[in-house]
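Here are my notes on the model, arranged as numbered points to be read alongside the coordinates.

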Amino acid sequence: MSIDTTAPEQTGEVAVLAEVSGILRVLLDEYGLDDAEIAMDTKFHDDLELESIDLVGLSGQLREHYGDKINFAAFIAERGLEEIIQLTVGDLVDYIVASLRKG
Amino acid sequence: MSRILAGELKMHVQRMKPEVVPEGGPAPIVVFIHGLLIDSLASYYFSLGPAFSAAGIDVIMYDLRGHGRTERPESGYRLEQFVSDLDALLGELDVTEPVHLVGNSFGGSVAFGYAATHPERVATVTCIEGEPPVDSWISNMKYILDRAKTELAQEETITWFAQEHGHHQARVFQAVGQFVQKTTIADDIPASARIEPDLSALTCPVFAIFGGDSELSEQVPWLEASLASCRTVVIPDQGHSVLVQKTAQTTELIVEWVREHSRSVLVEAN
């Protein structure tokens with residue numbers, strides 16, 4: 001295990017999960033699902049009932065928040081369209097953490 | 001989310017600018033048009049969009065009326081209304097140069113409809129598993145929409161979907177059921193304006209991609225004989241979902257097509 005002492009706190013997994021959860025809660029609030037629990041293993045489709053068009057909105061918000069370093073569309077495109085359905089919040093958080101550290 | 005008022009509707013549009021600027025001219029503009037009822041721009045946003053942007057193409061994706069995050073009026077779903085929406089959208093986006101239209105399934109028919117009525121605005125049409133809006137298309141659409149309207153209204157169909165394909169798929173089809181029940185789409189699309197089967201209205205180069213197992217691939221001889229400039233590719237062992245099943249191959253084929261029909265030099269696909 002390595003500890004990256006140079007990484008600012010906001011790029012760690014816990015902070016990113018909190019940030020992503022915040023964005024998701026706003027999205028879910030529109031559907032009246034704002035009390036859903038959001039954790040690393042939460043699935044976008046099965047647990048949060050988000051459709052792929054919601055993930056387009058999420059993608060835009062992530063770019064707004066983190067800038068061009070986060071290209072969620074390209075991240076999913078590399079994995080294939082059918083995998084969207086299996087995607088978890090943790091997959092997204094891991095990707096953001098890795099992208100920010102590459103930074 | 002980007003919603004802009006285009007014509008009478010607030011339309012959801014997403015644009016991916018070219019990641020690199022091509023040499024020798026402005027980046028070609030590709031407009032992606034998705035399929036009917038269960039589809040949205042997400043089908044492109046998470047597949048072809050990023051690859052096209054990386055190849056130096058200016059990408060426009062939008063949700064058709066009633067779909068995704070574009071407004072859903074109760075009525076007004078004839079093909080010519082989808083065509084007017086596209087024209088209004090391009091106007092709002094200040095797009096003046098001819099665009100490359102890429103339509104999947106019903107989106108292909110919208111692309112053909114636009115090319116037939118606005119030939120000066122279209123550089124090429126790529127149609128994935130779709131049909132030009134001729135009489136046979138009308139009958140195919142009527143069959144599909146009538147089935148959706150009657151079968152998806154039945155509780156047992158949705159329960160069957162849930163058992164066979166899972167909760168998520170059932171929810172998707174339940175939403176489709178509401179779309180066809182609460183709007184006039186099932187009556188409107190079969191009442192659409194159509195073009196003559198000699199396809200003389202289509203003057204731009206056309207690229208048609210089909211799955212070999214799909215009945216739509218039977219159009220190949222007719223398209224090749226009728227259109228002045230036409231290329232067809234039939235991908236073997238594939239049905240209607242070529243775009244989803246063979247995303248990489250479809251991307252490569254269409255980027256190459258746009259590259260051939262563009263003045264500027266695009267980045268090599270890798």
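1. A nonpolar core is taken here as a set of buried Ala, Val, Leu, Ile, Met, Phe, Trp, Tyr and Cys residues joined through C-beta atoms within 7 Å. The model is a predicted one, and the largest such core in it has 97 residues, of which F32(B), L101(B) and A115(B) touch the most other members. Helix α4 of chain B, residues 106–117, provides the largest share of this core, namely seven residues.

2. The surroundings of F32(B) deserve a look of their own. When residues up to four places away in sequence are not counted, F32(B) touches L41(B), Y44(B), L48(B), G49(B), V59(B), M61(B) and V102(B).

3. Turning to the contact between the chains, 17 residues of chain A and 17 residues of chain B take part in it. On the side of chain B that touches chain A, α1 (42–45) and α2 (48–54) of chain B each supply at least two residues. That side of chain B is made up, by class, of eight nonpolar, eight polar and one charged residues.

4. Within chain A, the pair α1(A) and α2(A) packs at an angle of about 135°, with the axes 11 Å apart. Angles over 145 degrees would count as roughly antiparallel and those from 65 to 115 as roughly perpendicular, and α1(A) and α2(A) are therefore oblique to each other. The crossing in which α1(A) passes α2(A) is right-handed. From α1(A) the contact draws on E19(A), I23(A) and L27(A), while α2(A) contributes D54(A), G57(A), L58(A), Q61(A) and H65(A); by class, the residues of this contact are three nonpolar, three polar and two charged.

5. In chain A, E49(A) has a positive phi, near 60°, and is not a glycine. E49(A) belongs to the loop between α1 (13–29) and α2 (52–66) of chain A. Is this residue, E49(A), buried, exposed or partly exposed? Because 16 other C-beta atoms lie within 10 Å, E49(A) is partly exposed.

6. In chain B, L199(B) is a residue other than glycine with a positive phi of about 60°, and its place is in the loop between α7 (185–188) and β7 (206–211) of chain B. A residue counts as buried if 20 or more other C-beta atoms lie within 10 Å of its own; L199(B), with 20 such atoms within 10 Å, is therefore buried.

Conventions:
Residues are numbered from 1 along each chain as its sequence is written. Chains are lettered from A and ligands numbered from 1 in the order in which they are written. This is a predicted model: local features need pLDDT of at least 70, side-chain atom pairs count only at pLDDT 80 or more; totals for chains, interfaces and linings use all residues. Two residues are in contact if their C-beta atoms, placed from the backbone, lie within 7 Å. Helices (H or I, at least four residues) and strands (E, at least two) are DSSP runs, numbered from the N terminus. Ala, Val, Leu, Ile, Met, Phe, Trp, Tyr, Cys and Pro count as nonpolar, Asp, Glu, Lys and Arg as charged, and the others, Gly among them, as polar. A residue is buried if 20 or more other C-beta atoms lie within 10 Å of its own, exposed if 12 or fewer, and partly exposed in between; C-beta atoms are placed from the backbone. Axes are lines fitted to C-alpha atoms, for helices over the stretch in contact, and angles run from 0 to 180 degrees between N-to-C directions. Angles under 35 degrees count as roughly parallel, over 145 as roughly antiparallel, 65 to 115 as roughly perpendicular and the rest as oblique. A crossing is left-handed if the near helix is turned anticlockwise from the far one by less than a right angle, and right-handed if clockwise.
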